[in-house]
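Please open the structure in a viewer and keep the selection tool at hand.

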Amino acid sequence: MENSRQRRGSNHNGKMQKGAIYLPPEILCEILSRLPVKYILRCRSVCKEWCRLTLGPQFINLQLSRVNHQLPQLILKSDYKVDLQSLLLLDTEGCNINKIPFKKMLNTSKRLNGLRLMCSCDGLLCIAADYLIQPVIILNPITRESVPLPSPKRRAYLVSHQIGFHLDPSSGKYKVVREYRNMNSLNRDEGSSFEIITLGDSSWRKLSAPPVPIEYSSDAAVYWNGAFHWKIQERNDKSGDNCILGFNISDEKFYTISCHVRFGSSEYDLLVLGGCLSLVEHDVHLMRIWKVTGTKDEGFSLSFHCTYDTCVRWNKYLHYSVICQINADSFLLKVSREDGENGASHWFVQFFPGKALYSYLDIAGLPSRFRGVYFKPSFVSPKAASLCSS
């Protein structure tokens, strides 16, 4: 007698075949959602049923919920013109790189070397021009779908362009917020302007921000606790206590975070470490970490956390930025060395402050100059997201 667990399954043509083990769709979703993205893509070629299943919203949401609890990967874009046709998906644990062709996804005639990876959310990338107000593109490099955001009627050349992109938890819609600075006809800096758009809307909206100077940066706005954050330029007057500008994406209101500390000539990174918005100060050989404490209702402030001796005298020719905290004992650093006319060269190291040790990550295929952002591969559709918002 045939085993009761063996029923008629389907082959790659969608026809039923005898002897296959039947699994309910919800069980298949549970199994397939645990696979790495590249194997899920292969599973779509097994049969029509699996393909249809992995394209459904139930599977997409389940896979996204799983990847959100995993260590994020990095997606890189080379600064070399010869490598501009592909994005590089970097697995820092396995130290391997996968190339993702992306030129055809963009649907733009803009030169690729003028576009920069700004940020990512739920497997969607935001790519924009360095020094132009357009284009701004949302794309999923895994599904190869892209959505260009509406272009303003004016044409502006920018001296600073920082973008934040995230899901608004109160509305379930994706929002893009940008800060930019441009020069007027007299070649004078007009200060920061802020705009916001909900994915699917037809135009950007102006935002009224506090009159604080945002630091020039090629980094994206940092998302934490339902808000985007930017570094404020340090000033010498008594009103210069505020060092971080925040913008809540749900109520669309700005706020500032006070530092009550002078960083002087030290460089510092703004990022999320251990679930807390943090400032990492680089003072020659010392790494000082400050963390934001408090609540939205009671107000936020910056508190000193710890100091590490990096045992390296960093300078303008050899410097580093903190990418993330890998675990309680180590950080992932991007080290940059200025090579004069040849520009900068970059590489990754793992820094163990408790032991004052560095471990060089030997990654085959890593370009010598690149920019990168955190990335969690998913199957979220930017087109579907824009239709849901409109």
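How many disulfides does the count give? A disulfide is a covalent bond between the sulfur atoms of two cysteines. Here a disulfide is counted as a pair of cysteine sulfur atoms within 2.5 Å, and by this rule the count comes to zero.

The model is predicted: local features need pLDDT of at least 70, side-chain atom pairs count only at pLDDT 80 or more, and totals for chains, interfaces and linings use all residues. Residues are numbered from 1 along each chain as its sequence is written, and side-chain values use heavy atoms, with hydrogens and water left out.

**The whole chain**

Display the protein chain as a cartoon. The chain has five helices and 26 strands; helices (H or I, at least four residues) and strands (E, at least two) are DSSP runs, numbered from the N terminus. Of the 390 residues in the protein chain, 47% are buried. Buried means under 20% relative accessible area, exposed over 50%, and partly exposed in between (1.4 Å probe, protein chains only). Contact means heavy atoms within 4.5 Å. Among contacts in the protein chain between residues at least 6 apart in sequence, 48% join residues at least 24 apart.

**First stop: two cysteines**

Select Cys311, which is exposed, with a relative accessible area of 51%. Then select Cys95, which counts as partly exposed at 23% relative accessibility. Cys95 lies in the turn of the hairpin formed by β4 and β5, which has four residues between the strands, and Cys95 has a positive phi of about 55° there.

**Second stop: the sheet around β4**

Select strand β4, residues 86–91. Is β4 largely enclosed or left open by the rest of the structure? Five of its six residues are buried, so β4 is largely enclosed.

Two strands pair if DSSP finds at least two bridges between them. Strands of a sheet pair through backbone hydrogen bonds, either parallel or antiparallel. With strand β5 (residues 96–101), β4 pairs in the antiparallel sense over six bridges. Within this pairing, Leu87 stands opposite Ile100, and Asp91 stands opposite Asn96. With strand β3 (residues 73–78), β4 pairs in the antiparallel sense over three bridges; here Leu89 is the bridge partner of Ile75.

Select helix α4 (residues 57–67), where the buried residues are Phe59, Ile60, Leu62, Gln63, Leu64, Arg66 and Val67. These buried residues pack against α1 (25–32), α2 (37–43) and α3 (48–54).

Show α1 together with α4. Two packed helices are described by the angle between their axes and the distance between the axes. The axes of α1 and α4 come within 9 Å and cross at roughly 35°. Axes are lines fitted to C-alpha atoms, for helices over the stretch in contact, and angles run from 0 to 180 degrees between N-to-C directions. Which residues meet where α1 and α4 are in contact? Glu26, Cys29, Glu30 and Leu32 in α1 meet Gln58, Phe59, Leu62 and Arg66 in α4.

Select Leu41, which is located in helix α2. At 35% relative accessibility, Leu41 counts as partly exposed. Leaving aside its neighbours within four places in sequence, Leu41 is in contact with Ile142 and Phe379. Leu41 and Phe379 are 338 residues apart in sequence and 9.9 Å apart in space, C-alpha to C-alpha.

**Last stop: a second sheet**

Select the strands β6, β7, β8 and β9, which form an open sheet in the order β6-β7-β8-β9, with antiparallel pairing. The edge strands are β6 (115–121) and β9 (145–148), each of which pairs on one side only. From one strand to the next, the twist averages 25°. Finally, highlight strand β8 (residues 136–140), which runs antiparallel to β9 and is joined to β9 by four bridges. Ile137 has Pro148 in β9 as its bridge partner.
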